[in-house]
Amino acid sequence: MKKENYKALLPIGVFLVLYLGLGVLFEYVLRIEMGFYNIPIVVIFLVALLVACFQNPKLKFDDKLEIMARGAGDKNIMTMVLIFLTAGIFVGVVGRSSAESVAYCLLSLIPSQFAVLVLFVVSAFVSLAMGTSVGTITLITPIAVAIAGSTGFSVPFCVGSVVGGAMFGDNLSFISDTTIAACNGQGCQMKDKFRENFGIALPAAIVTMIIIVVKSLGMDVGATSVQDYNLIQIIPYILVLLGGIVGMNVFVVLLIGIVTGSVIMLATGAVAPTEILANMGSGASGMFETAMVAILVSAICALIQEYGGFAALLSLIKKMFKGKKGGQLGMGLLVGAMDIATANNTVAIVMANPIAKEIAAEYDISPKKSASILDTFSCVFQGVIPYGAQMLVAVSAATELGANVSAFKIMPNLFYPYMLLISSLIFIFLIPDKKQK
């Protein structure tokens, strides 16, 4: 383990001060519309990266570049970037008309008062099947925006329900990167981790659904006027959803959606042949900022780890928490701190795994329980941080469709991550441990 160095955490502090400070200034002091979204997050991360590069002068700059390259070239990071771009192309192909067709089709089948509940359930089911919260948010957010426009529910309420549902599946799916990372790192079977995790996630999901229904019934939702929609344009979404349900690879699912979407949009005359490639390019470019954030964060994270910043953070958490229950809470806060620092729950789990395994051994915590805690707490934090990929994708997708929304308008509506945190704490402090065989 690297030598402890709290100064190495300075880039994280610089980013948080600049991003959150300027966001509060723009949004609440200067009253700039969508103030937080007007802050160039890539520029802020570049400043943080520059700070990290200036640290540790004993290390040559070429060596620092090599460290950053290793971080940015991690398999999980590259997979994430490719998912961003592929999902962006799909959204660019199917466009707004397809999202509206899906929304109006759903509204024609269910009472409009329960539309937001359906958004949460659908997002949870799709993310569970596909194993990706980002892909789910990319696919379902346009539908949420269309439903909000049709029913009168607020966009933050609808989008927040989508993000919450997406985090439910991300936390539980067998093919999720977080599940794979947690199980491999803690040395347990995925089925064992799923059973342990399901007992935490299900109560949180049920309470979330109750909250959504109560809040929905308390709103004045006018009679929905379902506009004409083209059922043929819904086919790409149906194929993508079915592909996710049967557990197909997310890239294959999105490729099927892109191909069928292109054929249908051209055949129905929704777009001209000369526009389809341009729409693909626009969809991909809409994800450039999110992809760059993932790359920059991984580079910064690699430098902080090399300088001993994370070693200092891990050591501090170990000293602060004593006993078996304290050790479990320490694991959760550990991976949460990693997630705040990296804005990537998979990377956070990978970084937290070694020290979490030591804590588990010291306090006799079973591998399935430690894996469950790491995955659950990482999803709690990842689901609410305003600069995480999930939130950035949700805001980007919504604003592309003309919605006036920001991360800080969505955050109060993220009921599932908050309920998951409460359920996790109950799981740690109030539920008796089962005897290990």
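Predicted model: local features only at pLDDT ≥ 70, side-chain atom pairs only at ≥ 80, totals over all residues.
- Setting aside neighbours within four places in sequence, Met338 is in contact with Phe310, Leu313, Leu314, Ala343, Ala348, Met351 and Ala352.
- Phe310, one of the contacts of Met338, also takes part in the meeting of α14 with α16.

- Of the 20 residues in α15, 14 are buried, so the helix is mostly covered by the definition of buried as under 20% relative accessible area.
- Alanine 343 follows α15 and has a positive phi, near 60°; this alanine is also among the contacts of Met338.
- The axes of α15 and α17 (residues 367-382) come within 8 Å and cross at roughly 40°.
- Because angles under 35 degrees count as roughly parallel and 65 to 115 as roughly perpendicular, the α15 and α17 pair is classed as oblique.
- The crossing of α15 and α17 is right-handed.

**Pairing of α14 with α16**

- Helix α14 (residues 309-320) and helix α16 (residues 345-363) have axes that come within 11 Å and cross at roughly 25°.
- The two helices are therefore roughly parallel to each other, and the crossing of α14 and α16 is right-handed.
- On the α14 side, Phe310, Leu314 and Lys318 meet Met351, Ile355, Glu358, Ile359 and Glu362 of α16.

**Helix α18**

- Helix α18 has twelve residues, 389-400, and reaches 16 Å from its first C-alpha to its last, close to the 16 Å expected at 1.5 Å a residue.
- Eleven of the twelve residues in α18 are buried, and the helix is mostly covered.
- The buried residues are Ala389, Gln390, Met391, Leu392, Val393, Ala394, Val395, Ser396, Ala397, Ala398 and Thr399.

**Loop between α2 and α3**

- Glutamine 55 lies in the loop between α2 (41-54) and α3 (61-72), and counts as buried because its relative accessibility is 13%.
- With neighbours within four places in sequence left aside, glutamine 55 is in contact with Lys7, Ala8, Leu10, Pro11, Lys64 and Tyr307.
- Asparagine 56 lies in the loop between α2 and α3 as well, and counts as partly exposed because its relative accessibility is 30%.
- The phi of asparagine 56 is near 50°, a positive value in a residue other than glycine.
- As background to such values, most residues other than glycine have a negative phi.

**Loop between α16 and α17**

- Aspartate 364 lies in the loop between α16 and α17.
- Its phi is near 55°, a positive value in a residue other than glycine.
- Aspartate 364 counts as exposed because its relative accessibility is 53%.

**Selected residues within helices**

- Serine 161 is found in helix α7 (residues 155-172), and counts as buried because its relative accessibility is 2%.
- Excluding neighbours within four places in sequence, serine 161 is in contact with Val116, Phe120, Ile212 and Asn413.
- Alanine 278 lies in helix α12 (residues 273-285), and is partly exposed, with a relative accessible area of 45%.
- The C-alpha atoms of alanine 278 and valine 93 are separated by 9.1 Å, while the two residues are 185 residues apart along the chain.

How values were computed: Residues numbered from 1 in each chain as written. Heavy atoms only, no water. Helix = DSSP H or I, 4+ residues; strand = E, 2+ residues; numbered from the N terminus. Expected span 1.5 Å × (residues − 1). Buried < 20%, exposed > 50% of the residue type's maximum accessible area, 1.4 Å probe, protein only. Contact = heavy atoms within 4.5 Å. Axes fitted to C-alpha atoms, helices over the stretch in contact; angles between N-to-C directions. Parallel < 35°, antiparallel > 145°, perpendicular 65-115°, else oblique. Left-handed = near helix turned anticlockwise from the far one by under 90°.
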